Amino acid sequence: KKADPPKTAFFLCKQWTLYSVTPLYGFSGARLKDYARLLSVAIAAEKQKGVAVEMDAELDTNIKVDVSSLPDLKGRNQDHAAILVQLFSRSPTSRRNSENKPLWSGWFCSVSGDDLPKSVPKEFTLLPLFLTNGAECYTSLVGSWFQKTFDCCFCRLALSPLNLSWMAVIWTGHAVDRTASAMELVFSVPSLPQPLNISYAIHPEDAKALWDSVHKTPGGITQEEVDVFMDCLYSHFHRHFKIHLSATKLVKVSTAIASAHCSGTIKFLHSEHLTRVLMLLTELARSQI
């Protein structure tokens with residue numbers, strides 16, 4: 001299922017930090033407004049350094065919390081709707097109903113595609129992938145509240161060179177137009193006094209042609225095909241520059257569809273492929289739980 005482009009535009013071209021999340025205990029999609037209010041109270045309490053905050057008191061935080069559902073971000077109908085958490089900064093001098101400035105965003109999702117998750121007890125909600133954009137202090141605050149409230153655990157989702165090579169192959173395999181940007185692979189050279197990265201750019205049509213010549217498995221991709229694809233790129237680079245990229249570490253992959261870094265960050269660059277990228281990230285997040 002493809003998400004509606006106007007709704008997905010919000011997620012494009014921002015740098016999102018990736019986390020895996022264990023199932024949420026006692027979470028209810030019908031109580032999102034309550035969760036927004038309770039999270040506001042937690043933020044207010046944090047600002048007041050532990051001073052108790054009345055539940056119905058006017059929150060002196062200048063931060064508005066909004067928790068909403070994103071039903072379009074699904075792989076299958078069985079997936080739980082994605083949940084978006086947003087913090088907005090409200091100027092003390094502005095009117096109560098004036099427009100708020102976006103401060104931080106985070107969203108939970110589970111885009112499982114054809115690979116249905118293992119059965120989860122009904123008391124738990126499976127939303128294994130969490131993505132954030134904004135200051136780390138707010139990520140810590142929001143994450144801490146969710147962990148305490150729903151007895152779950154957050155963990156940074158780093159991307160290994162193997163993960164990145166699969167992303168390079170999968171994103172290359174999708175049709176691109178002639179105006180698409182080049183595929184760029186960035187490699188880190190180990191054991192040097194100063195950090196050194198090597199950037200390797202491949203024309204998207206050349207990368208697609210190479211993949212088409214390598215890919216022989218109908219309806220799927222094998223590790224062997226990924227290895228052959230990357231080895232061909234390494235051989236071509238060595239032929240021109242006499243450098244063995246196999247001795248380096250792949251740390252970043254950029255294509256017209258998305259850009260991902262080994263530290264666990266990603267940028268979505270194409271709305272049509274958003275759910276497809278989220279399927280892969282969901283699978284990686286679930287494998288880490």
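S1 and S13 pair in the antiparallel sense over 2 bridges. Two strands pair if DSSP finds at least two bridges between them. Strands are DSSP runs (E, at least two residues) and helices are DSSP runs (H or I, at least four), numbered from the N terminus. In this pairing, Trp-16 has Ile-266 of S13 as its bridge partner.

This is a predicted model: local features need pLDDT of at least 70, side-chain atom pairs count only at pLDDT 80 or more, and totals for chains, interfaces and linings use all residues. Residues are numbered from 1 along each chain as its sequence is written, and side-chain values use heavy atoms, with hydrogens and water left out.

**Strand S1 and its partners**

S1 spans residues 16-21. S7 (residues 129-133) pairs with S1 in the antiparallel sense over 4 bridges. There, Ser-20 has Leu-129 as its bridge partner. S8 (residues 154-156) also runs antiparallel to S1, joined by 3 bridges. Val-21 has Phe-154 of S8 as its bridge partner.

How many of the residues of S1 are buried? The count is 6 of 6. Buried means under 20% relative accessible area, exposed means over 50%, and partly exposed lies in between (1.4 Å probe, protein chains only). In a regular strand the side chains alternate between the two faces of the sheet. Trp-16, Leu-18 and Ser-20 are buried on one side of S1, and Thr-17, Tyr-19 and Val-21 are buried on the other.

Thr-265 lies in S13 (residues 265-268). Thr-265 counts as buried because its relative accessibility is 11%. Contact means heavy atoms within 4.5 Å. Leaving aside neighbours within four places in sequence, Thr-265 is in contact with residues including Gln-15, Trp-16 and Thr-17. Leu-159, Ser-259 and Ala-260 are also among its contacts.

**Strand S9**

S9 (residues 183-188) pairs with S10 (residues 197-202) in the antiparallel sense over 6 bridges. S9 also pairs with S11 (residues 249-254), again antiparallel, over 5 bridges. Leu-185 has a bridge partner in each: Tyr-200 in S10 and Val-253 in S11.

**Partly exposed positions**

| Residue | Relative accessible area |
|---|---|
| Tyr-25 | 43% |
| Glu-46 | 45% |
| Lys-64 | 30% |
| Asp-34 | 29% |
| Arg-31 | 39% |
| Asp-212 | 43% |

Tyr-25 sits in S2 (residues 24-25). With Val-120 and Phe-124, Tyr-25 makes a nonpolar surface patch of about 250 Å². Patches are made of residues with over 30% relative accessible area and no salt bridge; like charges are joined within 9 Å, and nonpolar side chains (Val, Leu, Ile, Met, Phe, Trp, Tyr) within 5 Å.

Glu-46 is in helix H2 (residues 32-47). Its C-alpha atom is separated by 8.5 Å from that of Leu-141, 95 residues apart along the chain.

Lys-64 belongs to S3 (residues 63-70). Not counting residues up to four places away in sequence, Lys-64 touches Gln-86, Leu-87, Phe-88, Arg-90 and Asn-100. Lys-64 and Gln-86 are 22 residues apart in sequence and 8.1 Å apart in space, C-alpha to C-alpha.

**Salt bridges**

How many salt bridges does a search of the whole structure find? The search finds 2. A salt bridge is a side-chain nitrogen of Lys or Arg within 4 Å of a carboxyl oxygen of Asp or Glu. Asp-34 and Arg-31 form one, at 3.3 Å, N to O. Asp-212 and Lys-208 form a salt bridge with their closest N and O atoms 3.1 Å apart. Asp-212 and Lys-208 are separated by about one helical turn because they are 4 residues apart in helix H5 (residues 204-214).

**Whole protein and confidence**

The protein has 7 helices and 13 strands. Of its 289 residues, 43% count as buried. Among contacts between residues at least 6 apart in sequence, 67% join residues at least 24 apart. The accessible surface comes to about 15300 Å², and 53% of that belongs to carbon and sulfur atoms. Accessible areas come from the Shrake-Rupley method with a 1.4 Å probe; for residues, only the protein chains shown count as cover.

pLDDT is the predictor's confidence in each residue, from 0 to 100. The protein averages 88, and 87% of the residues score at least 70. Over residues 51-60, pLDDT stays under 50. For that stretch the model has 13 contacts beyond four places in sequence.
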